[in-house]
Amino acid sequence: MLGLVVRLLAMPVMMGAGFVFAKPEQIRSDQSPTFHYYLQAYPKNASIVALGPAASGEYFNIDGTIQSTNTSLYINIGSETTSYKTVTFSKTAATTAWGLEGDTIITTKASTFGRRKPYLYSPPTLQRNYWQVYFQTGSAVPSGTCNNYQSLHLPCLC
Ligand SMILES: *[C@@H]1O[C@H](CO)[C@@H](O)[C@H](O)[C@H]1NC(C)=O
Ligand SMILES: *[C@@H]1O[C@H](CO)[C@@H](O)[C@H](O)[C@H]1NC(C)=O
């Protein structure tokens, strides 16, 4: 019963008009080598969106914007000319394209980005146990990384 309630709360798209989706969620990777690392600000530069240890993971409201309920900062996509864009925490909500597809974080089909996913690359791009999040629109990758893409998800609801 509890499992069903949690699953329904995580699918705002299926709710009737006027329903407020208020449950803050953690965001994580569900695959090796980043399995059980959670989304948070990078401790050495709080504007960098990173996957890091579970104990310091933040909670987020995902509804067009992604806002941390811990810091109130929004996650925005950069405007670099490379196919991969930086993803940063900011006080203003510049990116309103975020949504969910099942438990997967995406930009919505109707947005200017189309349906795409933010990605992590392996090995860790920041330091041991910290992976920087990028948004990919093509095939170029940040230097020092390989093509081991990992998408981002809500914690398993099954
Ligand atoms: C922190 O990261 C942002 C985004 O990548 C960058 O623009 C900024 O220069 C960095 N700040 C420092 C102090 O390194
Ligand atoms: C973020 O907020 C949640 C809910 O209040 C709290 O349980 C968690 O410890 C906070 N995380 C950090 C890293 O402060």
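The legends below describe close-up views of one predicted protein model.

Residues are numbered from 1 along each chain as its sequence is written, chains are lettered from A, and ligands are numbered from 1 in the order in which they are written. Because the model is predicted, local features need pLDDT of at least 70 and side-chain atom pairs count only at pLDDT 80 or more, while totals for chains, interfaces and linings use all residues.

**View 1. Overall fold of the protein.**
The protein has one helix and 10 strands. Helices (H or I, at least four residues) and strands (E, at least two) are DSSP runs, numbered from the N terminus. The order of elements from the N terminus is α-β-β-β-β-β-β-β-β-β-β. Of its 158 residues, 32% count as buried. A buried residue has 20 or more other C-beta atoms within 10 Å of its own, an exposed one 12 or fewer, and a partly exposed one a count in between; C-beta atoms are placed from the backbone. Among contacts with a separation of 6 or more, 49% come from residues 24 or more positions apart. Two residues are in contact if their C-beta atoms, placed from the backbone, lie within 7 Å.

**View 2**
Strand S1 covers residues 38–42 and strand S2 residues 45–52. The two run antiparallel, joined by five bridges. Strands pair if DSSP finds at least two bridges between them. Two residues lie between S1 and S2 in this hairpin. Ala 41 has Val 49 of S2 as its bridge partner. Four of the five residues of S1 are buried, so the strand is largely enclosed by the rest of the structure.

**View 2. Gln 40 and its surroundings.**
Gln 40 belongs to strand S1. Gln 40 counts as buried because 27 other C-beta atoms lie within 10 Å. Leaving out residues up to four places away in sequence, Gln 40 touches Ala 50, Gly 52, Ser 56, Gly 57 and Glu 58. Phe 60 is 20 residues from Gln 40 along the chain, and their C-alpha atoms are separated by 9.6 Å.

A residue is near a molecule if its C-beta atom, placed from the backbone, lies within 6 Å of it. Ala, Val, Leu, Ile, Met, Phe, Trp, Tyr, Cys and Pro count as nonpolar, Asp, Glu, Lys and Arg as charged, and the others, Gly among them, as polar.

**View 3. The shell around ligand 2.**
The residues around ligand 2 are Ser 56, Glu 58, Tyr 59, Thr 69 and Asn 70. By class, this shell has one nonpolar, three polar and one charged residues. Ser 56 and Glu 58 from this shell are also among the residues that Gln 40 touches.

**View 4. The hairpin of S3 and S4.**
Strand S3 (residues 60–63) pairs with strand S4 (residues 65–68) in the antiparallel sense, over four bridges. Asp 63 stands opposite Thr 65 in S4. One residue lies between the strands, and Gly 64 in the turn has a positive phi of about 85°.

**View 5. The largest nonpolar core.**
This core has 30 residues, of which Ile 27, Val 49, Leu 51, Val 87 and Val 133 touch the most other members. Strands that each supply at least two residues of this core include S1, S2, S3, strand S5 (74–77) and strand S10 (131–136). S10 gives the most to this core, with four residues. A nonpolar core is a set of buried Ala, Val, Leu, Ile, Met, Phe, Trp, Tyr and Cys residues joined through C-beta atoms within 7 Å. Beyond four places in sequence, the contacts of Val 87 include Val 49, Ile 75, Ile 77, Pro 118 and Val 133.

Most residues other than glycine have a negative phi, and most peptide bonds are trans. A cis peptide bond joins Ser 32 and Pro 33, with omega about 5°. Pro 33 lies in the loop between helix H1 (2–9) and S1. Ser 72, in the loop between S4 and S5, has a positive phi near 70°. Ser 72 is exposed, with 9 other C-beta atoms within 10 Å. Asn 129, in the loop between S9 and S10, has a positive phi of about 70° although it is not a glycine. Asn 129 is exposed, with 12 other C-beta atoms within 10 Å.
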